[in-house]
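Welcome! Here is a friendly walk through one structure, from its helix pairs to its domains and its ligand.

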Amino acid sequence: MNTTTVTGPPYQCTPREVAEDLGTDPDLGLTSDEAAARLARHGPNVLPEARRRGPVARFLLQFHNPLIYVLLVSAVITTALGDHVDAAVILGVVVANAIVGFVQEARAERALAALAAMTRTVTTAVRDGRPARLPSEELVRGDLVLLEAGDRIPADLRLVRAADLSVDESALTGESAPVAKTPDALGEAALADRRNMAHSGTFVTYGRGAGLVTATGAGTEIGLVHRLVGSATAVQTPLTRKIARFSRVVTVAILALAALTFAVGVLRGRPVPEMLTAAVALAVGAIPEGLPAVVTITLAFGVARMVRRNAIVRRLPAVETLGSTTVICTDKTGTLTRNQMTVTGIAAGGRLFEVTGTGYAPRGEILAGGGRVEAAAHPALRECLMAGLACNDARITQGGDGGGWSLVGDPTEGALVVSAAKAGLGEAPERLDTITFSSERQYMATLHAGGVIYAKGSLERILAMSDRQLAADGGTEPLDVEGITAVAHAYGGQALRVLALARADADPAADHLTEPPPRLVFLGLQAMHDPPREEAARAVHACRTAGIQVKMITGDHAATARAVGARIGLDGEVMTGADLAATADGDLPGAVERTAVFARVSPEQKLRLVRALQARSHVIAMTGDGVNDAPALKQADIGVAMGRDGTEVAKESADMVLTDDDFASIEAAVEEGRGVFDNLVKFIVWALPANIGLGLVLVAAILGGGELPILPVQVLWLNMTAVLVLGLPFAVEPRDEDIMRRPPRDPALPLITRRLTARILLVAAILLAGAFGLFHWEQAHGASLAEARTVVVNVFAMTLLAYLFNCLSLEHPMLWHGVRRNPWVGAGALALIAIQVFYTYVPVMHDLFRSAPLSPGAWARVAAVAAIAYALVELAKWATRRTERA
Ligand SMILES: Nc1ncnc2c1ncn2[C@@H]1O[C@H](COP(=O)(O)OP(=O)(O)OP(=O)(O)O)[C@@H](O)[C@H]1O
C-alpha cells in the first residue's frame, strides 16, 4: 500500500515490472523475514468480517420470545395486584432464562467458529526460495504463489508462469466457463478480461501456474466487489427449523387455550386475578420453551464429537443426514488405501523384474530371477525407469527429525522417482514442455532437450497411443498388446496399481508438445503397491452390519480395483466406466445397487451414479478429492472431501471434510450422527410429558373449579430446575452399544413415532392422575393447601427423575448401566433430589415459592407415583420389544 505504483495496474505491466513494483523476485518470492514484516504492517489476508450483533443486542434478543412476553405481562399484573414477591420471582426467572439462553447460544456459535477456522484454506507460496504450505491468511503482497488444478486462488495474483492454466471465475463473474490464463497477455485484450491475472476466490480448474500477490484481503477484487453477507454462522438445520416450527405452533395453541380457559372461568363467575394466575401457569407450564435450545446444543456437541473423530462438518444439517445414510460411495486411493505407493514390479523388454525396499527411501534393488540386475545392462528396463523419472513432477527429500525420506508431490509419481533412484538413475534430461496428467486424459507427457518425448499413464491409454515396443536389446519390435495386457492383469490381480510408460522421438529443435503426442514406442509397466488402511476392512464390515452399503469408486484399473476390494471385504462383479456408459438410464439404478466395485470411473460418471442411487431413495455419502468431483459432491446427500489430499474445490463443495482422509472416519461420523439423533429423540420423549401433564392438571383444575394445584411461580421453578438439571445429561449421552447394528433411520419417518407418542401420553396421564389425585387426597387427609401444592411439585420432579431412567434407552431397561456410562445422569439425579429437599424444607423457599415441609408419608406417596410411572413405561417397552420380535 505504501509501494507507489509508477507503472500502472499490474495487468498492464510485465511480470518484471510488477515484481519490481512489489519489491519481490518473480522466481524466488519473498524471504520469510520480509513476509513477516509485511504481514505485521498490512495485516492478514482475510476479508473483513460481516458485522455481528454486539453482546448487549444478543442478550436483549433473548427476551424476544412470546413466552417471555407472557411472563413479563404477568409480572406487571402481579405487581398491580400487590404481590411483589411473585413479581420478583417471575422477573428473576426471566433474567436467569435469558442468561442461560445467551450462554448456550454463545457456546454453539463458538463451536461453529472453531469449525470455520479448521476449514481455512492453505496455499503454496515460495518463501526463501523454497515452496512452503501456509495458511492463506499469511500471504502478503509480493508473495510468489504456486497454483495447480483444484486450488482456490488465495489472493489477487499477477501471473508470472502458466502451463495450460484455466480458472473458474464464476465466484466473481457468474460466468461458469473456465477462462484460459497466460502471463504474457498484455495490452487491450488483457485490459478487457485480465487474462494475466488470477483473482482471489476463484478456482484453478486445470493446469499449473505461478503468480505474484498484488492485493490481499479487502484490497482484492472480491473484497471490493462483495461485502461478506450477514450471518456466516447459521445455527439452523431442517430439524431445528422443524422443531422451532413445532414449538411455535404449540405456543400459539397453548396461548389460545390459556385465553379460552380465562374467558370460560370469568364467564362462570370466578375472580379475574385467580383466572389470570391460572392462565399464566398454563402458558408457562405447557409451552416446551427449552426444546429448540436443547436441539441446537445437542447438534453442536455432536459436531464437536465428530471433530474428535477426524470428521469436520461444514454444514450442520449433515449431522442429521449422516444418521440416515444408506450408501457410502468411496474413493479407493487414499481413503481405503494409504496412498503410499512403492513400485514392486517392472515389466520391460519381455522380462519381469522385482523391486525391493519400502517407502520413499531410495534403498533397494532391482532383481530378476532372484539375482540383482544393473539397469545399464538392460536398455528396455533403463528406458522404462527413465520415462518414469522424466515424466514426473514429484521429488523425494531427506530430512526432518528422523532423517527419513519424504515425498513432495503425487505418490504415484513419487514411487517412480524412487524406483529410478534404486537403479541409480538420478537426473532426467532438461524438460521443455508438459502435457499435465488429469483423470480424463489418463496420461502425462513431457518433452525433453535433445528431442525425446516421455509419456506415462493408464495401460489402456498408453497402449492406444503406441504402435511398437522397445525390445530387450534396445531395438523396436511390433507391439504385443495381448502379452502386455496379460502381465498388467496379473499385477492388478495382486492389488497393484499399474502405470504404462512410453517414449517418442521429436524434432530436436522442437520446444513444445502438441496433443496428442506422436505415435509412441511402448517401454514397459511399473506396478506399485499401495497398502490398504488397517481400519478399512473393519469399517466396511461395521457399515454392512449397520445396514449401509459400501461402494468403491475408483479411477484405477478393474483388475486392481477388484483385488483391493476383495482385501477389504467388497466382493462381486466389477462395473467399469465403459459398462456404465453402456447401461441405459432406466437400468442403471438396479445395476448400481447390485455392484460394490466400480473401476475406471470418470468424475462425470460419479454424478450419474449418485443420481441413479437417489432414484432408489438412497441417502448417499460420497467422497471426492479432485476438481471435477465437485458436482457429485454437491449432488450427494453428504459430500465428503479429503482434508489432506483433497483439492480446495472439493472441500468447498463438501458437507464434511475428513482430516485424516480415512474411510473409517466416515463410518465414525455416521455413528456419531446416529447418536445425535438418538439423543434428540430421547430428550423430546422425556421432556414432552411434563408439558402435557402440567397443561392437563391446570385445565382439569380450572374446569373442575377449586384451588389451583400448582402456581405459576412453582411451574417456573420446575422449568428452571428439573427440566434443566435432568435434561442436560441427554446432550452428553453416549451412543447405544447397538447403534451400528440397527438399520439406517428412514428419513421419511417422523421424529417421534406413534409408539413413542403413546408413551409420552401414558406418562402425561400418570402425571395428571398422580398430581391431581394426590392434591385432593392430601387435602382430604388434613394437609394444608401449601403442603398439597408441594406434593404436586414433587410428584412432577420425582416422576421426571424416574422417567429419565426409562428414557436412557428407548428399547431396553437401563438403570445402573445408564449411571455408569454417563456420570451426568447420577449427578443430575442427586442434584435434583438435593434441590427438591431445599425447595421443601428451607424457609426462604416457603416465602418465595409457597412451599411447605412434607411428612414422610407424603414423600412415600410421591415416590409411589414415580415408581408406578417407571414400572408402567418399562412394561410398555417390554411389550414393544415382544411385538417387534414377533
Ligand atoms: N500422475 C500420473 N501420471 C500418469 N498417469 C497416472 C498418474 N496417476 C494415475 N495415473 C493413471 O491414471 C489412472 C487413473 O488415475 P486416477 O487418478 O483417475 O485414479 P485415482 O483417483 O488415483 O483413484 P481413486 O479414484 O481410487 O482415488 C491410474 O490407474 C493410473 O494408471
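This is a predicted model: local features need pLDDT of at least 70, side-chain atom pairs count only at pLDDT 80 or more; totals for chains, interfaces and linings use all residues.

Is the crossing of α27 and α28 left-handed or right-handed? The crossing of these two helices is right-handed; a crossing counts as left-handed if the near helix is turned anticlockwise from the far one by less than a right angle, and as right-handed if clockwise.

Residues are numbered from 1 along each chain as its sequence is written.

**Helix pairs**

Helices (H or I, at least four residues) and strands (E, at least two) are DSSP runs, numbered from the N terminus. Axes are lines fitted to C-alpha atoms, for helices over the stretch in contact, and angles run from 0 to 180 degrees between N-to-C directions.

| Helix pair | Axes | Crossing angle |
|---|---|---|
| α27 (754-780) and α28 (785-807) | come within 9 Å | roughly 155 degrees |
| α27 and α32 (856-885) | 11 Å apart | about 160 degrees |
| α4 (66-80) and α10 (272-286) | come within 10 Å | roughly 155 degrees |

Two residues are in contact if their C-beta atoms, placed from the backbone, lie within 7 Å. Between α27 and α28, the contact involves residues including V763, I766 and L767 of α27, with V791, V792 and V795 among those of α28. Sorted by class, this contact has 13 nonpolar, three polar and two charged residues. Here Ala, Val, Leu, Ile, Met, Phe, Trp, Tyr, Cys and Pro count as nonpolar, Asp, Glu, Lys and Arg as charged, and the others, Gly among them, as polar.

α27 has another partner in α32, and these two are therefore roughly antiparallel to each other. Their crossing is right-handed. On the α27 side the contact includes R755, R759 and L762, and on the α32 side it includes V865, I868 and L872. The contact of α27 with α32 divides into eleven nonpolar, two polar and four charged residues.

The α4 and α10 pair is therefore roughly antiparallel, and its crossing is left-handed. L67, V70, L71, S74 and I77 of α4 meet L276, V280, A283 and V284 of α10. That contact has eight nonpolar residues, one polar residue and no charged residues.

**Domains**

Now for the chain as a whole. Its domain assignment gives domain 1 (10-49 + 122-225), domain 2 (311-336 + 533-661), domain 3 (342-529) and domain 4 (673-885); such bounds come from an automatic or database domain assignment.

The centres of domain 2 and domain 4, taken over C-alpha atoms, are 44 Å apart. Contact between them involves 13 residues of domain 2 and eleven residues of domain 4. On the domain 2 side, α12 (317-323) and α17 (534-545) each supply at least two residues. α12 gives the most to that side, with four residues. The side of domain 2 that touches domain 4 has six nonpolar, six polar and one charged residue.

**Around the ligand**

How many residues surround the ligand? There are 21, and the closest are K332, T333, S439, T554 and G555; a residue is near a molecule or strand if its C-beta atom, placed from the backbone, lies within 6 Å of it. The elements giving two or more residues to this shell are α14 (411-422), β17 (443-448), β18 (452-457) and β21 (497-505). Domain 2 and domain 3 each contribute at least three residues to the shell. By class, the shell holds four nonpolar, ten polar and seven charged residues.

**Two backbone details**

The peptide bond from E515 to P516 is cis, with omega near -5 degrees. P516 lies in the loop between β21 and β22 (520-529). N310, in the loop between α11 (291-308) and β8 (311-313), has phi near 70 degrees, a positive value in a residue other than glycine.

Key. Angles under 35 degrees count as roughly parallel, over 145 as roughly antiparallel, 65 to 115 as roughly perpendicular and the rest as oblique.
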